[in-house]
2 protein chains.
Amino acid sequence: MHSQLIEHIFAISERYRLTVRGAINASELGIGAMHVRSLKIIAETPDCTANHIVIKLVRDKAQVARLVKELLNIELIDKNAHPEDKRSQILTLNAQGKKLMKQLQHAQEKIQRQMLQGLSAEQQQQFEDIAQHISLNLMPSKD
Amino acid sequence: MHSQLIEHIFAISERYRLTVRGAINASELGIGAMHVRSLKIIAETPDCTANHIVIKLVRDKAQVARLVKELLNIELIDKNAHPEDKRSQILTLNAQGKKLMKQLQHAQEKIQRQMLQGLSAEQQQQFEDIAQHISLNLMPSKD
DNA sequence: TGCGTAATGTTGATATAATCAACCAACTTT
DNA sequence: AAAGTTGGTTGATTATATCAACATTACGCA
């Protein structure tokens with residue numbers, strides 16, 4: 001059985017996280033991996049709400065609320081009233097957030113080049129497809 | 001670029017962790033994913049030391065020291081003097097630890113069957129090989 | 001239209017995991 | 001013998017996660 005498989009997955013996840021952190025001086029900004037992931041979701045989602053982030057990250061809404069609050073505090077994002085639902089706010093990157101997002105993108109591209117080194121395009125695609133398959137297999141079911 | 005790739009990796013890692021946790025009633029025992037990983041390392045390593053766990057998990061030795069201490073406190077492992085190095089202790093699973101290890105193995109086999117469902121043996125092997133390749137690519141270098 | 005339920009978000013409290021620094025004893029190298 | 005390194009411990013702090021309770025708003029149904 002592939003008991004080593006999950007250790008490789010853990011290793012990739014942990015090292016990627018550490019590498020991104022180092023690359024953007026996360027400590028200086030007082031943000032961590034989860035802040036970064038939230039920023040990415042806000043960047044790529046029109047009309048992004050906290051609830052959307054909860055769904056995407058599969059996280060407790062309390063936790064996401066705190067992440068959003070922290071991003072507002074360090075002025076990387078703005079929030080605006082939802083046009084239709086008074087409970088919600090629309091989250092967007094502000095100028096500073098967009099700037100950081102660019103830096104982040106450079107860092108992540110570099111890391112991805114490193115991680116995918118020595119792999120053919122076909123292998124990369126296969127790996128991504130299987131990773132998606134596995135992650136869906138592990139999706140918490142509703143029943 | 002495969003910016004979704006790392007999100008799949010994160011998803012697999014996080015869901016696996018949660019699933020194992022649930023499967024062995026980790027909260028009852030007061031242990032978490034890192035305890036479990038440490039137990040596995042102790043189980044499969046003759047003459048296991050805390051330092052060996054540090055190397056395997058790529059973790060701060062302070063953290064591993066605390067993990068080991070907690071495992072000693074809940075009486076899943078024993079420690080014995082190292083025959084040659086007074087600084088070290090040899091860690092081993094005791095009867096209770098071995099029992100839990102069996103439970104854990106059942107749980108992990110089940111989860112792995114779930115995660116690998118719908119994948120051919122060849123795909124599984126390819127995925128594991130590429131995962132190992134990627135994790136080595138991300139290994140922190142000494143220079 | 002009013003009521004009950006669900007959804008969105010917030011806050012407090014607590015638990016798990018991780019990191020940095022300083023320290024001690026033991027081992028290795030010079 | 002002294003200096004440097006290693007294995008481990010502890011305190012302090014930070015990051016991440018989860019549970020529970022709550023308030024407000026939205027929705028569905030009788």
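This is a predicted model: local features need pLDDT of at least 70, side-chain atom pairs count only at pLDDT 80 or more; totals for chains, interfaces and linings use all residues.
**Figure 1. The surface near DNA strand C, sorted by residue class.** The element that gives the most is α5(A), with six residues.

**Figure 2. The surface near DNA strand D.** Here, too, you can begin with the residues that come nearest: A:Gly32, A:Ala62, A:Gln63, B:Asn51 and B:Ala62, out of 25 residues around DNA strand D. Which element provides the largest share? That is α5(B), from which six residues of the surface near DNA strand D come. Sorted by class, the residues of this surface are eight nonpolar, eight polar and nine charged.

**Figure 3. Where chain B touches chain A.** How many residues does each chain bring to the contact? Chain A brings 36 residues and chain B brings 36 residues. On the side of chain B that touches chain A, two or more residues come from each of α1 (3-23), α6 (95-115) and α7 of chain B. The largest share of this side belongs to α1(B), with 13 residues. By class, the side of chain B that touches chain A holds 15 nonpolar, 18 polar and three charged residues.

Figure 4. A handy way to describe two packed helices is to give the angle between their axes and the distance between the axes. In this view, helix α7 of chain A (residues 121-137) packs against helix α7 of chain B (residues 121-137) at an angle of about 110 degrees, and their axes are 10 Å apart. Angles of 65 to 115 degrees count as roughly perpendicular, so α7(A) and α7(B) are roughly perpendicular to each other. From α7(A), the contact is made by A:Gln123, A:Gln126, A:Phe127 and A:Ile130. From α7(B), B:Gln123, B:Gln126, B:Phe127 and B:Ile130 take part. What classes of residue do you find in the contact of α7(A) with α7(B)? There are four nonpolar, four polar and no charged residues.

**Figure 5. A close look at B:Leu5.** Find B:Leu5 in helix α1 of chain B. Is B:Leu5 buried or exposed? A residue with 20 or more other C-beta atoms within 10 Å of its own counts as buried, and B:Leu5 has 22 C-beta neighbours inside 10 Å, so B:Leu5 is buried. Setting aside its neighbours within four places in sequence, B:Leu5 is in contact with A:Glu128 and A:Ala131.

**Figure 6. Two loop residues with a positive phi.** Most residues other than glycine have a negative phi. A:Glu75 has a phi near 60 degrees, a positive value in a residue other than glycine. You will find A:Glu75 in the loop between α5 and β1 (77-81) of chain A. A:Glu75 is exposed, because 11 other C-beta atoms lie within 10 Å. B:Asp47 also has a positive phi in a residue other than glycine, with a value near 55 degrees. Where does B:Asp47 lie? B:Asp47 sits in the loop between α3 and α4 (50-57) of chain B. B:Asp47 is partly exposed, because 13 other C-beta atoms lie within 10 Å.

**Figure 7. Chain A and its annotated stretch.** Chain A has seven helices and two strands, and from the N terminus on its elements run α-α-α-α-α-β-β-α-α. Along its principal axes, the C-alpha trace of chain A spans about 50 × 40 × 25 Å. Of the 143 residues of this chain, 28% count as buried. An unreviewed UniProt entry places a "coiled-coil region" at residues 90-117 of chain A. In the model, residues 90-117 of chain A are 75% helix and 14% strand, with the end C-alpha atoms 38 Å apart.

Key
Residues are numbered from 1 along each chain as its sequence is written. Chains are lettered from A and ligands numbered from 1 in the order in which they are written. Helices (H or I, at least four residues) and strands (E, at least two) are DSSP runs, numbered from the N terminus. Axes are lines fitted to C-alpha atoms, for helices over the stretch in contact, and angles run from 0 to 180 degrees between N-to-C directions. Angles under 35 degrees count as roughly parallel, over 145 as roughly antiparallel, 65 to 115 as roughly perpendicular and the rest as oblique. Two residues are in contact if their C-beta atoms, placed from the backbone, lie within 7 Å. Ala, Val, Leu, Ile, Met, Phe, Trp, Tyr, Cys and Pro count as nonpolar, Asp, Glu, Lys and Arg as charged, and the others, Gly among them, as polar. A residue is buried if 20 or more other C-beta atoms lie within 10 Å of its own, exposed if 12 or fewer, and partly exposed in between; C-beta atoms are placed from the backbone. A residue is near a molecule or strand if its C-beta atom, placed from the backbone, lies within 6 Å of it. UniProt positions are given in the numbering used here, feature names are shortened, and annotations may be inferred rather than shown by experiment.
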